[in-house]
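Here are my notes on the model, point by point. Please read them with the structure open.

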Amino acid sequence: MAETLNEVTFSDAAMAEIQRYISHYPEGRQKSALLPILHIAQAEFGGWVSPEVMDKVAQILDIQPIEVYEVATFYTMFNLKPVGKHVLEVCRTGPCCLRGADQLIETLKQKLNIEEGETSADGMFTLKPVECLASCGTGPMLQVREVFYENIDSEQRVDEFLEMMRSKEHETPTWAQ
Amino acid sequence: MGLKILTEHINVPGIETLEVYRKHGGYKSVEKALKTMSPEEVVEEVKTSGLRGRGGAGFPTGMKWSFLAKPEGVPRYLVCNADESEPGTFKDRWFMEKNPHALVEGMITSSYALGANTSYIYIRGELMFVLRILEKAIAEAYAAGLLGKNIFGSGYDLDLHVAPGGGAYICGEETALLESLEGKRGNPRNKPPFPAVKGLFQSPTVVNNVETIASVPWIVNNTGAEYAKIGIGRSTGTKLISASGNINKPGVYEIDLGVPVEEFIYSDEYCGGIWKGKQLKAVVPGGSSVPILPAELILKTAAGEQRLMSYESLSDGGFVSGSMLGSGAFIVFDEDQCIVRNTWNYSRFYHHESCGQCSPCREGTGWMEKVLHRIEYGHGHPQDIDLLVSVAKQIEGNTICPLGDAAAWPVAAAIRHFRDEFEWHIKHPREATAPGAVYRGQLDAVTA
């Protein structure tokens, strides 16, 4: 889906949240709100930020588009291409691996028939191994949007998790409720 | 059982609400400081307490505060570093989630001490659900007149905001955090000037860790002298420890600094012993960036003395036979764990998280990951071990920020203490890649 700049329209709730973040910074320092706005944009436009969306963010903040691109490409949380309905961000770092994270990733790959970074054929899941998520005492774990799913340490729990996610809609962000 | 300064009320139902938090003594430090103390007196109490930064570096907090430049007509800022991304560390996330008002109270009291009228909590973007909890607590504090204009009729004004990051470990480094808070890539700044002189928006700024700031209310309420009585030596007060890995009871524990390491690992009050009845092999005591220590050196120093959970005791012996308390992230390895695989895992982390600004870090972390990967997967060369040591040496101390050191130390320490395992992997490529080939260091005897 390639939108033009004029076709990218944030909802009223999202715009209110954007303005709230901008108001947190001194006059002329509105660029400070860039990261929160990219998070809002990602939630608003299907889980990723397209060049057109980034251009719109630049327009809102009155900064150059390159200033948005260089930030969006630096931070790992921003998806720069379309993703599945649920992005499974599985922690692959040391402490989680001591409790079976490697096995969790392998099991997900097998059950979803995808490799790391790919999206399942039904468009439901994207598998995205990530670095430490501050859940080291409850690993292995994964994150879907704002929710942590912890102690997924058996095939049965993986099955239960996937079954639950297949029937689950995204939770509405707090700012949009 | 030691004194619980940070966690006394952590399991009280509803403690995340202002009403319950205040019923348990919440916000008394704000009232005391604003009504009865000058900002300088608050700074003095923190100095007297001996509180050291709980994010990892352990720099004396009161001294850091006293460095803050105070030019007339220029705003000052307090920024809370809640970008908890060091592997093994999850204490701040847990604390903010359970007891958000404790951080808000600490931010108000600390901001008053520093003369800041706008403060920020920079939280890692992955913890958006914690951000929502904090924002709710802040909204409650505003509604109760604890934030905003003329707090407690003192004439002191404070605005407090939470800002999310975007997923970058480097933003835990204070100057990278400030860049990120200004809406830029998280590239660390050259120092000097230090943030105390030119920080956020080029204004004087103090950056403190969550646990550090949350410790300030107790110090103000009970005096710095009382705080200094807890702990041992220059390791005063209590410390949150995130314990993970192969232990029976992973979790966050508040300890008096100075508890013996052996007690921390094996007592039911803390970690409850090694998982599945196995033997202790090694520990990374302060987050993935600090040197790993084999069982014998984590329990006792090289001089045979009992190792304690304190800044001084854990670093006893330097990096030859000691490590660091760091952020208090205690990662335990049982006898089945492969040191080579774990070292490669951490090396991959640091390569992934290097911001790419300095060549030694950008290139060196990639080299180390690549060499460790080939050793782990059975393609190592005999000279690879010395190559790793050489690359680690060339990174250490040669980068703008400490990420280079953080990447180099785990590799150097793993080779220092477990060289036999690296050699075994190189000598036995087929076994090294075989499923279930664990505790490879001791297999030499049977497979040589």
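1. **A salt bridge across chain A.** The side chains of A:Glu67 and A:Lys31 meet in a salt bridge, at 3.0 Å from N to O. (A salt bridge is a side-chain nitrogen of Lys or Arg within 4 Å of a carboxyl oxygen of Asp or Glu.) The pair links distant parts of the chain, 36 residues apart. A:Glu67 sits in helix H4 (residues 65–72) of chain A, and A:Lys31 in the loop between helix H1 (12–22) and helix H2 (34–44). Helices (H or I, at least four residues) and strands (E, at least two) are DSSP runs, numbered from the N terminus. A:Glu67 is partly exposed, with a relative accessible area of 21%. A:Lys31 is buried, at 15%. Buried means under 20% relative accessible area, exposed over 50%, and partly exposed in between (1.4 Å probe, protein chains only).

2. **What you are looking at.** This is a predicted model, in which local features need pLDDT of at least 70, side-chain atom pairs count only at pLDDT 80 or more, and totals for chains, interfaces and linings use all residues; side-chain values use heavy atoms, with hydrogens and water left out. Residues are numbered from 1 along each chain as its sequence is written, while chains are lettered from A and ligands numbered from 1 in the order in which they are written.

3. **Salt bridges in chain B.** Over all chains, the structure holds 39 salt bridges. One of them joins B:Arg124 to B:Glu126, with the closest N and O atoms 3.1 Å apart. B:Arg124 is buried, with a relative accessible area of 4%. B:Glu126 is buried too, at 8%.

4. B:Glu211 forms a salt bridge with B:Lys239, and their closest N and O atoms are 2.8 Å apart. This pair links distant parts of the chain: B:Glu211 lies in helix H9 and B:Lys239 in strand E7 (residues 238–245) of chain B, 28 residues apart. Both B:Glu211 and B:Lys239 are buried. Shared partners join B:Arg54, B:Lys91, B:Asp92, B:Glu211 and B:Lys239 into one network of salt bridges.

5. For "binding site", an unreviewed UniProt entry lists A:Cys91, A:Cys96, A:Cys132 and A:Cys136. They span 46 residues in sequence, yet no two of their C-alpha atoms are more than 9.1 Å apart, so they gather at one spot. UniProt positions are given in the numbering used here, feature names are shortened, and annotations may be inferred rather than shown by experiment.

6. A:Cys96 is found in helix H5 (residues 94–98) of chain A. A:Cys96 is buried, with a relative accessible area of 2%. Leaving aside neighbours within four places in sequence, A:Cys96 is in contact (heavy atoms within 4.5 Å) with A:Cys91, A:Ala101, A:Gly139, A:Pro140 and A:Met141. A:Cys136 lies in the loop between strand E2 (125–130) and E3 of chain A. A:Cys136 is buried, with a relative accessible area of 2%. Which residues does A:Cys136 touch, not counting residues up to four places away in sequence? They are A:Pro95, B:Pro87, B:Gly88, B:Thr89, B:Phe90 and B:Ser244.

7. **Backbone points to check.** Most residues other than glycine have a negative phi, and most peptide bonds are trans. A cis peptide bond joins B:Lys191 and B:Pro192, with omega about -5 degrees. Another cis bond joins B:Pro192 and B:Pro193, with omega about 5 degrees. B:Pro192 lies in the loop between helix H8 (174–181) and strand E4 (205–209) of chain B. A:Arg145 has a positive phi, near 50 degrees. A:Arg145 is in the loop between strand E3 (142–144) and strand E4 (147–149) of chain A, and is partly exposed at 33% relative accessibility. B:Thr223 has a positive phi of about 85 degrees. B:Thr223 falls in the loop between helix H9 (210–222) and helix H10 (224–229) of chain B.
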